[in-house]
Amino acid sequence: MSAKLGEILVRENLISSQQLREALDYQRSNGGRLGSNLIKLGIISDEVITAVLSRQYGVPSINLDLFQIDDDVVKLISHDVAVKYTVLPISKVGATLTMAMADPTNVFAMDDIKFMTGLNVEPVIASEAGIQKAISEYYSASKELDLAGVEVDNDFEKITEKLSRKNGLNGRNGAVRVAADESINQADLDVSLDQFAFEHAEHEEFEVVEENDEIDLAELAKASEDAPVVRLVNVLLVDSLRRGASDIHVEPYEKDFRIRFRIDGLLYDVMHPPMKMRDALISRLKIMAKLDISEKRLPQDGRIKIKVKIDNRSRELDFRVSTLPTLFGEKVVLRLLDKEKLMLDMTKLGFEEGSLEMFKRNIDKPYGMVLVTGPTGSGKTNTLYSALQSLNTSDTNIMTAEDPVEFNLKGINQVQMKEQIGLNFAAALRSFLRQDPNIVLVGEIRDFETAEIAIKAALTGHLVLSTLHTNDAPSTVSRMVNMGIEPFLVATSVNLIQAQRLIRRICNECKEEHELPPEGLVEIGFSEDEAGELKLYKGKGCDRCNNTGYKGRVGLFEVMEMTDELRELVIIGASSIEIRKKAIETGMLSLRESGLSKLREGITTIEEVVKETVT
């Protein structure tokens, strides 16, 4: 298009040959379309170029400022696709979508959009600046997190061109294969999801298997190997790492198919693939995780291991895969287990100085029990692994019973639970006691049998580490007594109970001071004097934190050391309220106090502390 446009403009005496050469030189240095560069250099106006293209291609031109576009029409294509092709949907009549385009000759754009929407595309010409302005206006209210980085967008054409040359446009030769022993090249995959998912996919068809239809496993397996599906799955896995996601949620609904990433504890929409890709994409994930693609009625669990080449360095990624039958298909959740993100240095987890001292003192004891409590996703595994790492020496026998084993730790004997063959926590713990252990980690105390064996181990010269699901440290005592454990056994065996939560950190790149009335600070637990002097901070949002104002997470810790006074209260059957009151008197920081401490240090915001703690 560039050369033709230049020739037309010179032929009609709208620009000189010298000006064309100047614009082409500028284009070679800076990229972009010739028309845009002519406008940037002040050689010609946007309106003149639009009029010339309209006459040349016989396509009507429009002024977007005069149009009010319906939101339902705008939603027919994603923000990423609109930006990539510089297009904007204008109206939909029947099966025809009228599309404003800066380049009406871009058949790839029209074919892609036709494939995504299932509609015929009728182009009209609008100025590039007008389309960009309208895209900003109509898509600004979108609540989806834009996970596509600026660098990725700039490099997209170059990368897809490279893939096309290397692998061919369609069919199985175009697939970037992934297996347990293969490597994915990051340069080929590091592109935004919405842009990449449909590249070269205009001729691909997928048969949706309805709930009551007979499932053709051969067809399903074949569809899962088609190039667009394989590439989309590859990009999902690699992009989750690049964006710092902990989980990928693949969710089918009646009329929608949604993929979300959990980043720093919150879920964000990243894309909505066509419903036609639903079964093929889910089957691809199940095949990679070595699950049974014919079994759609029962939940399944598996793992995906891949090697990724990033910055000339190979990295191994491990995903824990869980499928769950829902009303409209199987939901798949992938948990990214990135060993490089495993923080094994306890000083960096977010402990207050006194709390860390207490925790270290009790895991250094030769026997007794240390319990870590909190909801799923509160960092309990990370804390326990950090403790094990600090205790892991050549003269210590450490054994763990986990469900599942999340990370492999060198020098530690880790056992994966298998309930279907009777290998549960209680059975594993019994066997451990015949294996001459010094330290035992039990993934979770779920029942009386496990709790009873763990306590016996703690009372017979072993250090036992474990987790429980309770709201705070004092209520853990009541939970164990309710399980059927005698209060005197709890009092004598437990050395320390720690409750924890994870909250988001303020992004350091866009951190700024934030004013709040002192009354609000007093309400959450600060004294009046401190509330008047306290400096608070907030992230205003930047590219590094995807405009959320937060980057990374830090722990809140409530560490309750079992002193003689607390043991006496447990033995006499005191309530968790009485135990909490006495623990605070003897130096325990509550979760709320730990949160206030993070506020004093300028690490997080009031919203995060209030969301995760109570007074």
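Author: Strand β1 is joined by 6 bridges to strand β2 (residues 96-101), and the two run antiparallel. Strands here are DSSP E runs of at least two residues, and helices are H or I runs of at least four, numbered from the N terminus; two strands pair if DSSP finds at least two bridges between them. The model is predicted: local features need pLDDT of at least 70, side-chain atom pairs count only at pLDDT 80 or more, and totals for chains, interfaces and linings use all residues. Residues are numbered from 1 along each chain as its sequence is written, and side-chain values use heavy atoms, leaving out hydrogens and water.

Reader: Which residue in β2 does Val93 stand opposite?

Author: Val93 faces Thr96 there.

Reader: What is the order of the strands in the open sheet?

Author: The order is β1-β2-β3, 3 strands with mixed pairing. Strands β1 (87-93) and β3 (120-125) are at the edges with a single partner strand each, so one side of each has no neighbour in the sheet.

Reader: Which residues are buried in helix α7?

Author: Buried means under 20% relative accessible area, exposed over 50%, and partly exposed in between (1.4 Å probe, protein chains only). In α7 (residues 107-117), the buried residues are Ala109, Met110, Asp112, Ile113 and Phe115. Their cover includes α6 (79-85), β1, β2 and β3. Just after α7, Gly118 has a positive phi of about 75°.

Reader: Where is Tyr253 found?

Author: Tyr253 lies in the loop between β5 (245-252) and β6 (257-263). Its relative accessible area is 33%, so Tyr253 counts as partly exposed.

Key
Contact = heavy atoms within 4.5 Å.
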